[in-house]
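Please read this briefing beside the sequence and the three-dimensional view.

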Amino acid sequence: MSAIPACPQCTLENTYPDGANYVCANCGFEWPMVAEASEEDGPRIVKDANGNVLSDGDSVVLIKDLKLKGSSSTMKVGTKIKSIRIVEGDHELDCKSDFGSIMLKACFVKKA
């Protein structure tokens with residue numbers, strides 16, 4: 001049995017090694033022999049609107065008015081939020097404010 005994998009694109013087994021890649025002789029698709037490290041291996045890096053790296057416990061300031069979902073309240077520009085926490089998901093920041101516990105996207109804040 002051959003140790004060379006089948007082509008991931010056309011699923012045929014007519015493949016061969018070429019340098020650091022495998023090549024499919026049928027469709028011409030190339031893919032690396034060694035699987036690349038996924039982004040999940042290291043710690044998550046979250047940056048604010050200015051490109052500064054944020055970490056747990058940082059204080060941030062809003063750069064845009066944000067309407068709170070499920071409420072008639074609006075958080076105004078310049079609202080300072082203390083002691084953020086970095087979490088997984090679309091909204092990277094978990095924090096507590098005068099409006100209660102909220103989740104924010106890092107693109108709407110800058111490091112204080």
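W31 is buried, with a relative accessible area of 12%; buried means under 20% relative accessible area, exposed means over 50%, and partly exposed lies in between (1.4 Å probe, protein chains only). This is a predicted model, in which local features need pLDDT of at least 70 and side-chain atom pairs count only at pLDDT 80 or more, while totals for chains, interfaces and linings use all residues. Residues are numbered from 1 along each chain as its sequence is written, and side-chain values use heavy atoms, with hydrogens and water left out.

**Aromatic residues**

- Rings of Phe, Tyr and Trp (for Trp, its six-membered ring) pair if their centres lie within 6.5 Å; planes under 30 degrees apart count as stacked, over 60 as edge-to-face and the rest as tilted.
- The count by this rule is two aromatic pairs.
- Y22 and W31 make a tilted pair, 5.7 Å centre to centre with 40° between the planes.
- F29 and W31 make a stacked pair, 5.8 Å centre to centre with 20° between the planes.
- Y22, F29 and W31 form one aromatic cluster.
- Y22 counts as buried at 15% relative accessibility, whereas F29 is partly exposed, with a relative accessible area of 29%.

**Overall form**

- The protein has zero helices and 13 strands; helices (H or I, at least four residues) and strands (E, at least two) are DSSP runs, numbered from the N terminus.
- The radius of gyration of the protein is 23 Å, well over the 13 Å that the globule rule gives for 112 residues, so the protein is more spread out than a compact globule.
- That radius is taken over C-alpha atoms, and the globule rule is 2.2 Å times the number of residues to the power 0.38.
- Along the principal axes, the C-alpha atoms fill a box of roughly 65 × 25 × 25 Å.
- Buried residues make up 25% of the 112 residues.

**Nonpolar core**

- A nonpolar core is a set of buried Ala, Val, Leu, Ile, Met, Phe, Trp, Tyr and Cys residues joined through side-chain atoms within 4.5 Å.
- The largest such core has 15 residues, and those with the most contacts inside it are L54, I81, L93 and L104.
- Strands β6 (60-62), β11 (93-97) and β12 (100-104) each supply at least two residues of this core.
- Contact means heavy atoms within 4.5 Å; leaving aside neighbours within four places in sequence, I81 is in contact with residues including V60, L62, M75, C95, I102 and L104.

**V61 in strand β6**

- V61 lies in strand β6 and counts as buried at 16% relative accessibility.
- Beyond its neighbours within four places in sequence, V61 is in contact with G78, T79, K80, F108, V109, K110 and A112.
- V61 and D98 are 37 residues apart along the chain, and their C-alpha atoms are separated by 13 Å.

**An open sheet**

- Three strands form an open sheet in the order β10-β11-β12, with antiparallel pairing; two strands pair if DSSP finds at least two bridges between them.
- The edge strands are β10 (85-86) and β12, each of which pairs on one side only.
- Two bridges join β10 to β11.
- R85 stands opposite D94 in β11.
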